[in-house]
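Here's a quick briefing to read with the model open beside you. Have a look at the fold before moving on to the details.

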Amino acid sequence: MNSFIVPACSGRAWEVPAGHLCRIITVDGPQVGDFNVWNRHDAGERFWAARTRQLQRAHVSTYDRLWSCLPFLRPC
């Protein structure tokens with residue numbers, strides 16, 4: 001298991017293999033961050049925030065699914 005802290009006003013990219021989980025937590029209280037996901041093997045497939053809000057809810061939580069863009073439209 002890997003863990004790391006991403007400092008405020010910065011960013012980081014990492015690979016999450018298929019079948020693995022990625023847990024993001026805030027360590028200094030409520031925070032806002034950008035979250036982007038791409039398919040490693042096809043950069044045309046990416047996280048679709050608007051569809052995720054429609055199919056799940058505005059503020060995703062534990063066990064909610066994140067959806068990819070068309071024409072794929074599948075859980076990330």
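Helices (H or I, at least four residues) and strands (E, at least two) are DSSP runs, numbered from the N terminus. Going along the sequence, the protein chain reads β-β-α, so that's one helix and two strands. Keep in mind that this is a predicted model, where local features need pLDDT of at least 70, side-chain atom pairs count only at pLDDT 80 or more, and totals for chains, interfaces and linings use all residues. Residues are numbered from 1 along each chain as its sequence is written, and side-chain values use heavy atoms, with hydrogens and water left out.

**Overall build**
- The C-alpha trace spans about 35 × 25 × 25 Å along its principal axes.
- Of the 76 residues, 8% are buried (under 20% relative accessible area; exposed is over 50%, partly exposed in between, with a 1.4 Å probe and protein chains only).
- Take the contacts (heavy atoms within 4.5 Å) between residues at least 6 apart in sequence: 20% of them join residues at least 24 apart.

**After helix 1**
- Helix 1 covers 49-55, and P71 sits in the segment after it.
- L70 and P71 are joined by a cis peptide bond, with omega at about 5°.
- Y63 is also in the segment after helix 1, and has a positive phi of about 75° although it isn't a glycine.
- Y63 is exposed, at 80% relative accessible area.
- L73, another residue of the segment after helix 1, isn't a glycine either, yet its phi is positive, near 40°.
- With 30% relative accessibility, L73 is partly exposed.
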